[in-house]
Amino acid sequence: MRARRWRLIGFLALLLGGVAFAFGFPAFASLHATIQLTNALALALFALSLALVWGFGGILCFGQAAFFGLGAYAYAIAAINFGDTTFAWPTAILVPAAFAAALGYFMFYGRLSDVYLGVVTLTVTLILFQLFNSTAGPEYRIGDARLGGFNGIPSTPPLNVPFDGRAYLSPESIFVIAVLVLLAALFGCLWLLRTRFGRVLVSIRENPLRAELLGYDVRVHKLAAFTIGGGMAGLAGLLFAQNVLVNPALFSLLYTAQVIIWVIVGGLGTLVGPILGSIGLQYVMAWLGTLGWINPNLALGVILVAFVLFVPRGLWPLLVKVVTHGRRLVRGNGTS
Amino acid sequence: MTVAPILEIRKLTKRFGGVTAVDGVDFTLADGELRCLIGPNGAGKSTFFNCLSGQLAPTSGAVHLDGHDISGWPSHAIARLGVGIKTQVPSVFDGLEVRENVWLAARRRYNAREAKERCDELLTRLNIQSLAAHMVGELAHGQRQLVEIGMVIASDPRLILLDEPAAGMSRDEVARLAALISEIARERSLIVVDHDMRFIRMIAETVTVFHQGRVLIEGEVDKVLADAMVKDVYLGKQVV
Ligand SMILES: Nc1ncnc2c1ncn2[C@@H]1O[C@H](COP(=O)(O)OP(=O)(O)OP(=O)(O)O)[C@@H](O)[C@H]1O
Ligand SMILES: [Mg+2]
């Protein structure tokens, strides 16, 4: 009973805090800071997608960036061709989700072992990287959108007011959208994990043989989780693309490795952890970059190793432990 | 027996490379019957079970369950037909609470409310309600076995396979388990594999003895256990 009340309070606090933050932050922060945080939120959504797939579905996907990049490209191509970003939203979700479904079908129904699954997803991502890199010529175009090879799609349109392709949204409004999308995705995941599907998914992560012997089709559940994760990563790609640009680097090792590190540092098996881990590490990296005497990527590697060794369960579980422990100390030891 | 069989197995064979673990076994189980399966280590009992539950695909032969030929079906489809198995190596969700383990098992078949009721009822029946909020991975071996048995019966399967359910249990626990199994056997068909002969005597009427992948002898428990051939097999002498 008490747990339920605390959970409700947590939800409400998160919801109200999130909405207040969405509207409050741009009012006080500079335009540059607002845009920077929008990017960080897009990548946090990307981390959340892997947190779901890996942390709860038990699917070690080394190629989550494939769906992120496909979402970005799908968004840009759709937005350029429609001259309006309204229908680019579903496109950016459905294209990567469909790709994840097809890839997942081959992997899960082909009974690939976990190691091969990691190898295949990583390889697919790098193939996409090569593929989009080699689209430099003017003949590589989808409708009006030139793919642009190494340089990517030349001017990715920013988000516009629904059904009005000429009314671009302000960076402040886009920031609000990014916060709300991330919150909605987080609540969606929390809800999903409380449904029968979500609980079965977690049980599969724990012991696929037992789940199967209870009568649950492991392959279908994994495929569904992988597809949902692909769609979420695509949505993250959209938010990122409309703010930055679309080029093959989205499929690069950098993104696919970074997102894994964010999830590990934030806390594998949690949802909030990878979000915070992602945002936190992006700012740490940016700050380290300004110092000049240290290579941020090297530092990221050191951070990863330090976490794996000293905080293997990640930041968020540690935080929760500290807080609950602190509360117990305040109330007096021994009372439960 | 005049009752129609729930399980009819013809010439079931399973080979692993050069090893024939199950060798042309014919086996029939009447609906509602409790059968014990014994035999020395490596006799092929677990392999036989795994062919029934779909964990292994038989090399040849037919497994008819309730009129369906299930040989080669995936495990989840066989489970949905009403087969529950407790594997020899306990297979539970170690990182989840006891209650969640049993709930997941019940929820496959029942709606959310029924599954919760069924779960509470089972925890009480197995006398593990005080452990409901514990992680299964933290429990003692015997308790984990009980949780797994709870999961197996939670969806009311028609055929229950228990592979060494008494292994690692104390005397008291074995006696309680025997009582539980006798109770379940009133409504369900069961096959129980175990090495503990006291336990077998507590629950069995009919016993099948496996040896080197074949059925050595089958019959009433007292007669079978008194059989000279069975004693020889268990003492390690090579008969047949
Ligand atoms: N996956 C496998 N690969 C190769 N050989 C196997 C495999 N599983 C079982 N075997 C072999 O098949 C034979 C039967 O093994 P099985 O586990 O079915 O025996 P069992 O009667 O259950 O024995 P125990 O009483 O020790 O559990 C043994 O010789 C074993 O080594
Ligand atoms: Mg065995």
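Predicted model: local features only at pLDDT ≥ 70, side-chain atom pairs only at ≥ 80, totals over all residues.
Residues are numbered from 1 along each chain as its sequence is written, chains are lettered from A and ligands numbered from 1 in the order in which they are written, and side-chain values use heavy atoms, with hydrogens and water left out.

Reader: Which residue of chain B forms a salt bridge with A:Arg199?

Author: A salt bridge here is a side-chain nitrogen of Lys or Arg within 4 Å of a carboxyl oxygen of Asp or Glu, and the search of the whole structure finds 22 of them over all chains. For A:Arg199, the closest N and O atoms of the pair are 2.7 Å apart, and the partner is B:Glu100. Since A:Arg199 lies in helix α7 (residues 196-206) of chain A and its partner in helix α3 (residues 98-107) of chain B, the pair joins two chains; helices (H or I, at least four residues) and strands (E, at least two) are DSSP runs, numbered from the N terminus. The residue asked for is B:Glu100.

Reader: Is B:Glu100 buried or exposed?

Author: Buried means under 20% relative accessible area, exposed over 50%, and partly exposed in between, with a 1.4 Å probe and protein chains only. A:Arg199 counts as partly exposed because its relative accessibility is 24%. B:Glu100 has a relative accessible area of 18%, and therefore counts as buried.

Reader: Which residue in β9(B) is the bridge partner of B:Leu37?

Author: Two strands pair if DSSP finds at least two bridges between them, and strand β3 (residues 34-38) of chain B pairs with β9(B) in the parallel sense over four bridges. Strand β9 (residues 206-211) of chain B is largely enclosed by the rest of the structure, because five of its six residues are buried. Within β9(B), the bridge partner of B:Leu37 is B:Thr208.

Reader: Which residue takes a positive phi in the hairpin of β9(B) and β10(B)?

Author: Strand β10 (residues 214-220) of chain B runs antiparallel to β9(B), and six bridges join the two. One of the pairings is that of B:Val209 with its bridge partner in β10(B), B:Ile217. The hairpin has two residues between the strands, and the residue with a positive phi near 50 degrees is B:Gln212.
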